Amino acid sequence: MPKMVRRAFVTLLGGAAIWPFAVLAQKSDGIRRVGIIMGFAESDAVWQAYLATFRQALQELGWTEGRNVRFEYRFTGESDERMRRMAEEIVGLAPDVIVASTNSVVSAVLATTPTRSTPVVFTWVSDPVRSGFVPNLPHPGGKITGFHNFEPAIGGKWLAYLNQIAPGLRRVAVVHVPEVAPNVAFLRVIETAAPQMGITVTPAEIRNAGDIERVLSEFGAQGGGLIVTPSALTATRRDLIIDLAARFKLPAIYSFGFYAESGGLISYGINQLEQARPAASYVDQILRGASPGDLPVQLPLKYELVINLKTAASLGLVVPSSLQLLADHVIE
C-alpha cells in the first residue's frame, strides 16, 4: 500500500470508528454534510451569533438542518494542534463542503487535504493570495473560494486612526502572530508609514496567552500604543489583551468592532456578521453543483469605525468630534 494512502487509512481509523458508517449514511440518506471549523472558542457569543446568522441564511435558501442538511461543528480556539486535529476529523467525515474561518484554520484544512478534493469556503481570512490559498481573487480555481477581510494596506489606516485618537503617541507595538503571513505584511506596512508620523514601531510577536501577558507587560512598562492584528489567537484572547491595555494605559486599535464593544478603545474593520449570509450563499451554490473555483473571492463592501468613549475617558483621551463624526458606531 503506498505510504500516502496508508497514512490516510490510519487517520480515518484512529480519528473515529464511526466515520466509514457516517460516509455510507451520507450517500444513502440524501442529507448533505457541511463541515464547519471555527478558529474560536465554542462559548464565544460573537461566533455563535455568526453561526446562527449563517444557518438562518441557509434555511432561507432551502436547507433545513435534519431534513436535507447536517452540520458538523468543530471549534479550535487558538491551538494550532487542535486546528490540525479538528481539520483531520472534519475531512474524515467526508462532508460535501467545509466552511473554515481564520488563516490558521484554512492552512490546517488545506494541509489535511493536499489534493484539495473537498470544496472549501473560507471566511475571516486576510490576504488569501499571499497566504497561498488561491492564485488570484477573481478566478480562485480548484476547490476553494471564500471571503477575505484585509489587504496589507489596511495597516496604514490602523496606524493613522490610532495616531488621530492619541496624537501624543511616539511608540507603537504591533501585536501579531508571526506564522500568519498577513500579520507580518501588516507589520511591514505599519513600519513604512510610522516614520512620517514620528512613531517608532516595535514588533510584538505572540504565539500563546503567556506571550501576550509577557510582551504587553514589557512594552506597557515604558508606555505607548498598540495595533492588534487579526488572528484566532488575538480574537480568542481579546479580553486579556483589552485588560492589559487598560492596566498599562495603552491606547489600542483593533481589527473588528467586537473588540471595541468588549472595552477596546477603537476598531476599524468589517462587521463580523456581514460575511455570514454571503458565505451561506456560496455553500448553497456548491451544494447545488457549482464549482468553488468559479466563484470569485469576495472583498468586504465596507469597513466600520467603532469608538469606545468610556475607554477613551479612562485613558485621559479626548476624542476629536471630527473622528466621532466619521465613526459608524460610538459607544458612550
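## Aromatic pairs

Searching the whole structure turns up 21 aromatic pairs, where rings of Phe, Tyr and Trp (its six-membered ring) pair if their centres lie within 6.5 Å. One of them joins Tyr73 and Phe75, with 6.4 Å centre to centre and 15 degrees between the planes, and this pair is stacked; planes under 30 degrees apart count as stacked, over 60 as edge-to-face and the rest as tilted. Tyr73 is partly exposed, with a relative accessible area of 24%, while Phe75 is buried at 9%. Here buried means under 20% relative accessible area, exposed over 50%, and partly exposed in between (1.4 Å probe, protein chains only).

Phe256 and Phe258 have ring centres 5.6 Å apart and planes at 15 degrees, so this pair is stacked too. Both of these residues are buried.

## About the model

This is a predicted model: local features need pLDDT of at least 70 and side-chain atom pairs count only at pLDDT 80 or more, while totals for chains, interfaces and linings use all residues. Residues are numbered from 1 along each chain as its sequence is written, and side-chain values use heavy atoms, leaving out hydrogens and water.

Seven strands make an open sheet with mixed pairing, in the order 7-6-8-9-10-11-12. Strands are DSSP runs (E, at least two residues), as helices are (H or I, at least four), numbered from the N terminus; two strands pair if DSSP finds at least two bridges between them. Strand 7 (200-205) and strand 12 (329-331) are at the edges with a single partner strand each, so one side of each has no neighbour in the sheet.

Inside this order, strand 8 (residues 225-228) pairs with strand 9 (residues 252-254) in the parallel sense over two bridges. Ile227 has Ile253 of strand 9 as its bridge partner.

## Strand 4 and its partners

Now for strand 4 (residues 120-125): six of its six residues are buried. Strand 3 (residues 97-101) runs parallel to strand 4 and is joined to it by four bridges, with Ile98 opposite Val120. Strand 4 also pairs with strand 5 (residues 144-148), again in the parallel sense and over four bridges; Val121 has Thr145 of strand 5 as its bridge partner.

## Two crossing helices

The axes of helix 3 (residues 45-60) and helix 12 (residues 276-287) come within 8 Å and cross at roughly 45 degrees. Axes are lines fitted to C-alpha atoms, for helices over the stretch in contact, with angles running from 0 to 180 degrees between N-to-C directions. Contact means heavy atoms within 4.5 Å, and the residues making it include Tyr50 and Phe54 of helix 3 and Arg277 and Val283 of helix 12.
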